[in-house]
Amino acid sequence: MKNTTRKSRMMNPGRKQGMALPLTLIVLLVAGALVALSFYFIENMMTTTQMKTDDELRLNAALAGVERGKQWLLSRVDAGELPALTTTSGDISAVTAPGFPELLVRNPINFTLDGITVEVRIFDLAYEYTSALDFVPGIPPRIFQTQEGGSIKSSQSYASSNAAEGDTGAADPDSALLGSYLIRSEATLNQLTKRVEQGILMAR
């Protein structure tokens, strides 16, 4: 009896040590999973913040491109030059998407701002076109001056169920339209592009 009791007492410490090892491994696995999950959420938040920051940078750069386009137009008008189509003559029968070089008044303005590539296109909207022209999405809308006291009308350029022309209303009879243009500025960063465009009516 004495020998049996001694053996039982000697086996108890070993059992406790054997149970402690699996518990330790479980705790380590749970802690590791929590750490990995924390890193995932932190990385996701950092990525989202960086994407939002990059988008704001693209927007600011594109807006700067619009201002450069406006500055160029004003400089030409001040110099007594009315920018007009330079790449084609006569009525437009076809355009090349997506840049539409047939409607440009000059070569695109290219510059870099804070590591962001910006391309600015200036389109002459007072163009004439033939019945063969296909108004594809993105083509600058046509705007022209009528003989009705200087009123401005915009012809249909995009796919629409409304076949009638839109009338923006009459202008001051004493004013004269110098030109109508579209400035399209595109800023590219990390292979993503932000586009900002603005229509310009120049009159005196």
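What we have here is a predicted model, where local features need pLDDT of at least 70, side-chain atom pairs count only at pLDDT 80 or more, and totals for chains, interfaces and linings use all residues. Residues are numbered from 1 along each chain as its sequence is written, and side-chain values use heavy atoms, with hydrogens and water left out.

Okay, salt bridges. The count here is eight. One of them joins the side chains of Arg121 and Glu119, at 2.8 Å from N to O. Arg121 is buried, at 16% relative accessible area, where buried means under 20%, exposed means over 50%, and partly exposed is in between, using a 1.4 Å probe and protein chains only. Glu119, at 23%, counts as partly exposed.

Arg121 has another partner: Glu186, with the closest N and O atoms 3.6 Å apart. That pair links distant parts of the chain, with Arg121 in strand S2 and Glu186 in strand S6 (residues 177–189), 65 residues apart. Helices (H or I, at least four residues) and strands (E, at least two) are DSSP runs, by the way, numbered from the N terminus. Both Arg121 and Glu186 are buried.

Next, Glu128 and Arg142 form a salt bridge, their closest N and O atoms 2.8 Å apart. Both sit in the loop between S2 and strand S3 (143–145), so this pair ties together parts that are 14 residues apart in sequence. Glu128 is partly exposed at 42%, while Arg142 is buried at 8%.

Let's look at the backbone. S1 (residues 109–113) and S2 (residues 116–124) pair in the antiparallel sense over five bridges; two strands pair if DSSP finds at least two bridges between them. Asn110 stands opposite Glu119 in S2, the Glu119 that meets Arg121 in a salt bridge. S1 and S2 make a hairpin with two residues between them.

Most residues other than glycine have a negative phi, and most peptide bonds are trans. Asp114, in the hairpin turn, has a positive phi of about 55°. Phe100 has a positive phi too, about 50°, and lies in the loop between H1 and S1. Buried or exposed, what is Phe100? Phe100 counts as buried, at 1%, whereas Asp114 counts as exposed, at 69%. There's also a cis peptide bond, from Ala97 to Pro98, with omega near 5°. Pro98 is in the loop between helix H1 (2–78) and S1.

Last stop, rings. Rings of Phe, Tyr and Trp (its six-membered ring) pair if their centres lie within 6.5 Å; planes under 30 degrees apart count as stacked, over 60 as edge-to-face and the rest as tilted. By that rule we get one aromatic pair. The rings of Tyr129 and Phe135 have centres 4.8 Å apart and planes at 90°, so the pair is edge-to-face. Tyr129 is partly exposed, at 29%.

One more ring: the charged end of Arg68 sits over Phe111, 3.7 Å from the ring centre. The rule there is NZ of Lys or CZ of Arg within 6 Å of the ring centre and within 35 degrees of the ring normal. That's it from me, thanks!

How values were computed:
A salt bridge is a side-chain nitrogen of Lys or Arg within 4 Å of a carboxyl oxygen of Asp or Glu.
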